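Welcome! Take a moment to look over the model below, and then read on for a short tour of its pockets and its sheet.

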Amino acid sequence: KNVHTTNARVEEVPGHYDFIVSRAVAAMPTFVHWTKGKIAKESRHELKNGILYLKGGDLSEELAEYGTAVIYDLQDYFEEDFFETKKVVHLPLKFKK
């Protein structure tokens with residue numbers, strides 16, 4: 001009831017969303033730019049509104065400017081080899097009031 005999905009490029013999606021969920025299609029700074037203005041300001045969840053991004057490999061350099069990013073190692077949840085280097089990055093987005 002409370003989920004709306006859209007299969008489209010983020011630049012083409014109108015509206016505001018609690019979360020934008022995507023597999024890695026660009027470096028985080030580029031994706032953050034694409035999603036600017038699309039995250040709802042009012043958070044209604046325990047997890048703050050923002051981006052949930054599936055990424056792989058070493059993310060330390062790419063996420064260096066995002067001190068609030070939380071990385072969830074998927075190998076902690078799944079045993080398959082595919083998930084060995086995969087992570088979900090939660091990047092809560094801040095808003096100026």
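## Pockets and sheet

The second largest pocket holds about 320 Å³ of space. Its lining has 13 residues, with Val 32, Tyr 66, Pro 92, Leu 93 and Lys 94 nearest the centre. This is a predicted model, where local features need pLDDT of at least 70 and side-chain atom pairs count only at pLDDT 80 or more, while totals for chains, interfaces and linings use all residues. Residues are numbered from 1 along each chain as its sequence is written, and side-chain values use heavy atoms, leaving out hydrogens and water.

| Pocket | Volume | Lining classes |
|---|---|---|
| Largest | about 750 Å³ | eleven nonpolar, eight polar, five charged residues |

A pocket is an open set of points on a 1 Å grid over the protein atoms alone, where a 1.4 Å probe fits, with protein on both sides within 12 Å along at least five of seven lines; lining residues have an atom within 4 Å of a point.

S3 pairs with S4 (residues 86-92) in the antiparallel sense over four bridges, and Val 70 stands opposite His 90 in S4.

Methods
Pairing = 2+ DSSP bridges. Helix = DSSP H or I, 4+ residues; strand = E, 2+ residues; numbered from the N terminus. Points joined across faces, edges and corners; volume = space filled by probe spheres on them. Nonpolar A, V, L, I, M, F, W, Y, C, P; charged D, E, K, R; others polar.
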